[in-house]
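Hi,

Here is the structure I promised you. Please open it and keep it beside this email while you read.

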Amino acid sequence: MEKFDLTPDELESPVWKKVRERLADMLDGARKRLEAPATDHDATQAIRGEIKAIKDLLALHDRARYLDDTRQG
């Protein structure tokens, strides 16, 4: 699979900011569902996968900032 990175301009776009806010809300909701006492083993595994996917998307922001910093300095 080809690497996917965001440019510095894309990081500052209003769309990416909205996406990040939505992902943060989704992550919070997934964590709450994971911690619920009634969550069974299969659901726990599915939620953990969801959390990983959300974190991977959020990490694009930090990776892009890191890449930009290394290119400038």
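Ala59 sits in helix H3, residues 41-72. Helices here are DSSP runs of H or I with at least four residues, numbered from the N terminus. Ala59 is partly exposed, at 35% relative accessible area. The classes are buried (under 20%), exposed (over 50%) and partly exposed (in between), using a 1.4 Å probe and protein chains only. Asp5 is 54 residues from Ala59 in sequence, yet their C-alpha atoms are 10.0 Å apart in space.

A note on the source: this is a predicted model, where local features need pLDDT of at least 70, side-chain atom pairs need 80 or more, and totals for chains, interfaces and linings use all residues. Residues are numbered from 1 along each chain as its sequence is written, and side-chain values use heavy atoms, without hydrogens and water.

Now helix H2. Which of its residues are buried? They are Trp16, Leu23, Leu27 and Ala30. These four lie on the same side of H2, because they cover an arc of only 70° around the axis. That arc is taken from the directions between the helix axis and the C-beta atoms. On the other side, Pro14, Lys18, Glu21, Arg22, Asp25 and Lys32 are exposed.

Last, the salt bridges (a side-chain nitrogen of Lys or Arg within 4 Å of a carboxyl oxygen of Asp or Glu). The whole structure has 4. One of them joins Lys32 and Asp28 at 3.2 Å, N to O. Those two are 4 residues apart in H2, so about one helical turn separates them. Another joins Arg33 and Glu50 at 2.7 Å, N to O. This pair links distant parts of the chain: Arg33 is in H2 and Glu50 is in H3, 17 residues apart.

Best wishes
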